[in-house]
Amino acid sequence: MANKYLDTELLDRAIIFAVKAHHNTERRGKGFPYIVHPLEAMEIVATITPDQELLAAAALHDVIEDTEVTVDELREMFGERIAHLVHAESDQIDGVLFDGQNEEETWHARKQAAIDRLAAAPHDAKVVAMGDKLSNMRAIARDYKEKGDALWSIFHVKDKASHEWHYRGLAASLSELSGTFAYQEFVRLIDEVFA
């Protein structure tokens, strides 16, 4: 039996745009194309909702943060809702400057701001974030099984307890999604890695 027709024009455009934006980039230290991560995030979001705009935002979630793409470009190509969701998922602190400080010095403040922003975010933004955070946690759990505590040496902040604080804070911020398989997997992986 053939698959049922579904209009995926918006999502198809978003996937193609994300593939082009992340062209020729590697997922840090993984040896595979970066695009694998946003596509996994999109697949996770699809377990929560069929909303094509949320799926598109998941596919695009890193283009502002990690490429030359701007919020205005996303707004023009995909509309206000998707541009807003992608911007909300970007790791940035609006209005806070850390002149002269490196990533290690600002890590805790940036992560706390992201946790706080996520806690206050609307449901749709949390769904997109769940795709990203679970994809990241899956990668950490796989790497931790292989490398153990040596894993933390690849990060700017090398303290395992800091990463546990960060991921448990994210789980608390996303707790309204606790009825989803994605959230339950997220918490299970956090407990496995940081037990």
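Helices (H or I, at least four residues) and strands (E, at least two) are DSSP runs, numbered from the N terminus.

The model is predicted, so local features need pLDDT of at least 70 and side-chain atom pairs count only at pLDDT 80 or more, while totals for chains, interfaces and linings use all residues. Residues are numbered from 1 along each chain as its sequence is written, and side-chain values use heavy atoms, with hydrogens and water left out.

A residue is buried under 20% relative accessible area, exposed over 50%, and partly exposed in between (1.4 Å probe, protein chains only).

| Helix | Buried residues |
|---|---|
| α5 (71-78) | V71, L74 and F78 |
| α6 (80-89) | I82, A83, L85, V86 and E89 |

The buried residues of α5 fall within an arc of 60° when you look down the helix axis, so they line one face of α5. That arc is taken from the directions from the helix axis to the C-beta atoms. On the other side of α5, D72 and E76 are exposed. The cover over the buried residues of α5 includes α1, α3, α4 and α6.

For α6, the buried residues I82, A83, L85, V86 and E89 span an arc of 165°, so they too line one face of their helix. They pack against α1, α3 (52-60), α4 (63-66), α5 (71-78) and α8 (123-147).

**The nonpolar core**

A nonpolar core is a set of buried Ala, Val, Leu, Ile, Met, Phe, Trp, Tyr and Cys residues joined through side-chain atoms within 4.5 Å. Which members of the largest core touch the most other members? Of its 54 residues, they are L60, L74, M137 and F186. Helix α8 gives the largest share of this core, 10 residues. Contact means heavy atoms within 4.5 Å. Not counting residues up to four places away in sequence, L60 touches A14, F17, A18, L74, F78, I82 and V86.

Is H22 buried or exposed? H22 is buried, with a relative accessible area of 3%. Leaving aside neighbours within four places in sequence, H22 is in contact with Y34, I35, P38, D62, V63, D66 and T67.

N24, in turn, counts as exposed, at 72% relative accessibility. Its phi is near 60°, a positive value in a residue other than glycine. Most residues other than glycine have a negative phi.
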